[in-house]
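Me: I would like to go through this model and ask, term by term, what each description rests on.

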Amino acid sequence: EYTLQKILFENKIAELAARVAHELNNPLATVLVYVQLLLARGNVDEMTKEGLETIYREAQRASAITADLLSFARRGKPQRELISIQEVIQRSLELYIPRLRANNIELVVKLQPDIPSIMADPHLMQKVFVNIIINAEQAMTEAHGKGRLYIKAQVADEVIRITFEDNGPGIKPSNLKNIFDPFFTTRETGLGLGLSICCAILEGHGGC
């Protein structure tokens with residue numbers, strides 16, 4: 001009974017999240033387009049330009065939040081295909097290596113070369129990996145201003161095991177039971193949907 005109530009509650013939250021995201025997407029897109037047009041004119045003074053760039057960055061951040069809301073709402077079945085998990089990890093890292101270096105994050109990657117291909121959704125798996133990488137980077141940067149991220153992929157006992165390890169502050173034991181709950185966050189910014197979305201993706205693949 002509790003499980004059924006929880007599912008119904010999460011479905012209502014997902015429906016509300018989708019409605020909110022759709023309502024916000026159109027005005028945000030309008031803001032982004034008009035700011036780009038104003039910046040492209042090139043005849044604005046420096047103070048106005050800085051203000052427009054700030055508006056653009058914040059609108060982009062809001063768009064990212066609505067994207068998370070939609071991802072949370074669209075927890076459908078993954079579109080599986082035969083993929084190389086090593087390639088998905090590498091693609092996940094490509095865009096973030098400059099950011100990690102800029103934040104003094106040492107990256108150590110050890111991917112077993114002969115890992116067999118698997119049936120999975122590459123886009124959803126990349127979303128999981130990117131979310132973990134970003135969470136690790138933010139935690140280490142906030143705690144130390146630097147850090148070390150270790151990523152390992154190997155086959156052990158006929159199971160492909162992917163490990164992400166960082167030297168950030170870690171998760172408080174009191175928070176462990178809630179980290180996959182929708183909208184749970186320990187940060188001042190963000191909706192707390194990242195790990196919830198990751199868990200839903202992994203559940204769609206038969207895990208989590």
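Me: Which residues does Gln86 touch, not counting residues up to four places away in sequence?

Reply: The model is a predicted one, and in it Gln86 touches Leu111, Gln112, Pro113, Asp114 and Ile115 once residues up to four places away in sequence are set aside. Gln86 itself has its place in helix H3.

Me: Why is Gln86 called buried?

Reply: The relative accessibility of Gln86 is 10%, and buried means under 20%, so Gln86 counts as buried.

Me: Why is Tyr34 called exposed?

Reply: Tyr34 is found in helix H1, residues 2-41, and has a relative accessible area of 53%; since exposed means over 50%, the term applies to Tyr34. Together with Val33 and Leu37, Tyr34 forms a nonpolar patch on the surface, with about 310 Å² of accessible area for the three together.

Me: Why is the pair of Phe129 and Phe164 called tilted?

Reply: The angle between the planes of Phe129 and Phe164 is 35°, and because stacked requires under 30 degrees and edge-to-face over 60, the pair is tilted. A search of the whole structure finds one aromatic pair. Phe129 lies in helix H5 and Phe164 in strand S5 (residues 159-166), so the pair ties together parts that are 35 residues apart in sequence.

Me: Which residues of the largest nonpolar core touch the most other members?

Reply: Of its 25 residues, they are Ile89, Phe129, Ile133, Leu149 and Ile151. Helix H3, strand S2, helix H5, strand S4 and helix H6 each supply at least two residues of this core, and H5 gives the most, with eight residues. Leaving aside neighbours within four places in sequence, the contacts of Ile133 include Leu149, Ile151 and Phe164.

Terms used: Residues are numbered from 1 along each chain as its sequence is written. This is a predicted model: local features need pLDDT of at least 70, side-chain atom pairs count only at pLDDT 80 or more; totals for chains, interfaces and linings use all residues. Side-chain values use heavy atoms; hydrogens and water are left out. Patches are made of residues with over 30% relative accessible area and no salt bridge: like charges are joined within 9 Å, nonpolar side chains (Val, Leu, Ile, Met, Phe, Trp, Tyr) within 5 Å. Accessible areas come from the Shrake-Rupley method with a 1.4 Å probe; for residues, only the protein chains shown count as cover. A salt bridge is a side-chain nitrogen of Lys or Arg within 4 Å of a carboxyl oxygen of Asp or Glu. Helices (H or I, at least four residues) and strands (E, at least two) are DSSP runs, numbered from the N terminus. Buried means under 20% relative accessible area, exposed over 50%, partly exposed in between (1.4 Å probe, protein chains only). A nonpolar core is a set of buried Ala, Val, Leu, Ile, Met, Phe, Trp, Tyr and Cys residues joined through side-chain atoms within 4.5 Å. Contact means heavy atoms within 4.5 Å. Rings of Phe, Tyr and Trp (its six-membered ring) pair if their centres lie within 6.5 Å; planes under 30 degrees apart count as stacked, over 60 as edge-to-face and the rest as tilted.
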